[in-house]
Structure formats: C-alpha cells, structure tokens
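Me: Please examine the aromatic pairs and the helix packing of the model shown here.

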Amino acid sequence: MLENERAPQKRYFDLFMILLVLASVFLLIYDVNHTVTPAADLFEDFAVSIFIVEYLLRLWVFNNIHEIIIAEYERAEFLATRFRPAHALLKILRRKWEFVSSPIAIIDLLAILPSYRPVRLLRIFLLFRLFKLFRYTRSAGSMASILAEKRLEFYTLAMFMIFVLLASSTAIYLFEGDRVGSKFESFFDAIYWSMITLSTVGYGDITPQTTEGRVIALALIVSGIGVVAFSTSIVVSAFQERLGDLRERRVLGDLDRMRDYTVICGYGRVGQVVVERLVKSKAPFVIIDRDSERIRDAAIKGYPAIQGDAASDELLRKAGVAERAARVLCIAGDDVTNVFVTISARQMNSRLQIISRANRKEVIDKLRLAGADHVVAPFEIVGLMASEYVGKPVAFEAINSILSGKDDVIPDTLIVPEGSFVCGRPLGEIDFARHKLLLFGVITNHGSNQDEIRGLFPLEDRHFYFNPPPETTLHGHDILVLLGHRVSMNHFRRTLEKGNRRTKAS
C-alpha cells in the first residue's frame, strides 16, 4: 500500500493522507491568531502520530532486511568464510540511511516538527507538510520527476542567474549606495532589487537615481527576458518529451480500476470503426498502436490509448490482458503482429476471448492455431458483399443501412437472466412487437458457467434457431437475437434485468 502504485488500497490511503495534511495545516494556521480547543490539540496529536507511524513503516519497507542477511550468509557459505553479522548489519544501516537522507524522507521528518509548539521557530517547517502532498499526488510526483531530468539545464540557468545577480547587485550598490536619499541602504537591498528586476516583476519600491544605475536596470531587464524565455523553453521541452509517458501512466492508472474491457490492438481503418461502435454502446476499451499520429488522434477524441508495440508481452501485461481484460481484438494491418499478439494473449489468459484479423487467406488457420476464438477476413468479407450487391442491390442497401446504424436500427443479442420473468415461458407469450423489436432467432445455452454467461464460449458449442416457433420455451442464459431501435433494445434489456432483481428479492 505504501510503495505499490497499483495496489487497490493505494488511492484511498493517499486520499486520506491528503485530507489529513490539509486539515493539520489549516489548524496550525488558525492557531496563529486564535485559541484552539482541546479537540484541535487531540487532532494534531493524532495527525502527528499518523505521520510518525507512516515514516517508520516506510523506513521498514524501504529494503528487505531478511534478504540482506540471507545474501550475506550464503556469500559466506560459498566462500567458506565466517559469517559476520556486524557486516550484514552495517549494510542494512547503509540502506536505511539511503532512505533517511532522501529528500522526500527529510520532508516527512520535518513535517512532524511544527507540532512542537513551545519552539515557535519550528512553525516554519509547516511548509514541509504541504510538500508531503507530492508523495500522495501522482501528477505532482510526475511533474517533479520530469523537471529533475532537466537538472543539467536548470543548473546552467542557475549559474547564469547567480552571475548576473552578483554582477548587477555589486554594480548598482557601487553607484547608488553612497548617494544621498538612495534606498540602497545595504548590499541585501541591491540583491533584492536585482532579483525582482531580473524576474521582470519590478515592484518599484526601490529604484535607481543615477544614470549609471538606470543603464544597469536596462541591461538587467533584457537579461531577465532571456532568463524567463530560457526557463520556459526548458519546462516546455521536458513535458513534450514525456507527454506520451504521462498519458500512458494515466491510462494504465484508469485501467487498474476497470474490469471486463476490450483491448484493441491496432487503430487503423478497421480499429476506428470498432472504436466508434464501442463508444456508442458505452463499452470500456483501450487502444494499443505503435503509430504516434494515430495515438494522438485517439487522445484528441478522448479515447484511452497507449503508444507501443502490441506484440510486447510487457505492454500487454500492463494493459491487464492477463487478469482484467475480457477480450482482445488483434486488428492490426500486419498479419505477423496479429499472430504474435494472439499467441502472447492466449498464453497469458486461457479464458480470454480473442478476435483476430487475417489480411491473407493462408493466415486464417495460423491464427486459429495460435489461439484465436474468431478470425475475421475483412477483404474476403468485402468481396462477398460486393458480389451480393451486384445481384441484389436493394436488399444489400437495406442490410447495409442496418449494419451501419444509419437509421439507429441495430442488431443485438440479449442474454436472458436466470430467474427472469421470461424464463419458462413460450416465445408466443412475449409481445416483442410492443417493445418495437423483431426476433431473428434464439441461441440455446442451458449452462450456468460464468464464461458462458459472458459470451466467451465458441459459437459452434451452441445451437442457433432461426425464427423459432411460438411454442419455443426460453431458459436462463439463452441468447435472443433481436433487431430494433437502440432505445427499444436498451429498454427491453432493463426490463429483463428488473424482472431478474424482483425475482431474487422475492
């Protein structure tokens, strides 16, 4: 919970600590000019106790003491030397010191000090409680790490600023310090004036009176513009270089809280059509594609997308293929990529539903052997559709209008919930016309396995009855193949689910 960013309890712990830090800071600020109640003192003691326990726990889990001792013992056994516990203890203390001396651990330690109220000087460490928020906010931590990568550039900028500040402060103090009525009463005033002038703030409380001083001010203003431009370019370039990583981290963080979503490997022409349909049906999904332009286009539209090679096992594991995903669509334009993704996904999760795209006919059998549940050959389908259009153009236009959803009429499948009001009833007693729906057929399935309920079992293991007779009896987990408006379909689905809930309640 303390170290693993993907732990389920991590977000709740971070939220609790953020609220605790903000509340303690508010009480300490309120205590400056007000008398706090004993309850406030108790809350401060509680907050400090939590900070201390957290600090000690982080110190404990920073490194594995057991592993260090075992490693030292095995090393002594291998070299046939005497095991020295003091040597192992020294190594443990060195590792603990790495934590204690780290900047974030120093902030944690200093955040405890403001509670010692007899020493009012320690109140300055109140700021370090606010700095603790960097530990619990992922975006703030990411920002700090990104800027840390540009430390060489910032070091160069800092050296330039120090040189300019010392030169301008010395010069302005030499010309203005001994002048009658001058506000440069000390060298610190000169440094203060140089700093606010270099930063282009210019409060105007201290101004040069001599011509030489004004010339220095002009030169300092020009230098300040350069400093601001240089620092801005460093920050912008740092975030541009890591923008993809930040987006990927955000998407992966959202995936950690999702279940039964679809992983789309390939955001080409086929992938874009699939995504549009999933968006309309409000089904969760994530896109993986190596092309940066496609990922940028998906991000602009607000789709969760990760740039990378979908054939990478590491990336597929990050996307939750091994545990949380329900299905994978291998629809890249490259057959080799689709085969590799199919093999990797099937190896990670045997219960995963995999639908693969075959761009060549000879790849179909290879994809099935690799573990694909369904193989789609888009060019073959287009050829069949073209031949049907030549012979039956009117019928083709009607079917194409339904499949494309131009008139908001869609084909869909509804799973009959166990215990629903339609279970055990013949089809003739269900008024589909009243629900503005047309029944195509029924797919029978009398099992109760969760995989079957989710539709993860092959079609050949079931039986499809086209236009079944009215006396056909429905059972739980049967699948209705319907045609109708999207609104009618959603309303009928809710009706089945409500009937199921009423049955369970009774």
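Reply: Relative accessible area is read as follows: buried means under 20%, exposed over 50% and partly exposed in between, with a 1.4 Å probe and protein chains only. The model is predicted, so local features need pLDDT of at least 70 and side-chain atom pairs count only at pLDDT 80 or more, whereas totals for chains, interfaces and linings use all residues. Residues are numbered from 1 along each chain as its sequence is written, and side-chain values use heavy atoms, with hydrogens and water left out.

Me: Is Phe-62 buried or exposed, or partly exposed?
Reply: The relative accessibility of Phe-62 is 31%. Because this value lies between 20% and 50%, Phe-62 counts as partly exposed.

Me: How many aromatic pairs are there?
Reply: Rings of Phe, Tyr and Trp (its six-membered ring) pair if their centres lie within 6.5 Å; planes under 30 degrees apart count as stacked, over 60 as edge-to-face and the rest as tilted. By this rule, the number of aromatic pairs is eight.

Me: Which kind of pair do Phe-62 and Phe-99 form?
Reply: Phe-62 lies in the loop between α2 (38-61) and α3 (65-79), and Phe-99 in helix α4 (residues 85-100), 37 residues apart; helices (H or I, at least four residues) are DSSP runs, numbered from the N terminus. At 5% relative accessibility, Phe-99 is buried. The ring centres are 5.5 Å apart with 50 degrees between the planes, and the pair is tilted.

Me: Which cluster do ring pairs form with Phe-62 and Phe-99?
Reply: Ring pairs link these two residues with one further ring. The cluster consists of Phe-62, Phe-99 and Tyr-55.

Me: What is the orientation of α1 and α2 to each other?
Reply: Axes are lines fitted to C-alpha atoms, for helices over the stretch in contact, and angles run from 0 to 180 degrees between N-to-C directions. The axes of helix α1 (residues 10-30) and α2 come within 10 Å and cross at roughly 135 degrees. Angles under 35 degrees count as roughly parallel, over 145 as roughly antiparallel, 65 to 115 as roughly perpendicular and the rest as oblique. The orientation of α1 and α2 is therefore oblique.

Me: What is the orientation of α9 and α11 to each other?
Reply: α9 (residues 151-176) and helix α11 (residues 211-255) pack at an angle of about 170 degrees, with their axes 11 Å apart. The orientation of α9 and α11 is therefore roughly antiparallel.

Terms used
Helix = DSSP H or I, 4+ residues; strand = E, 2+ residues; numbered from the N terminus.
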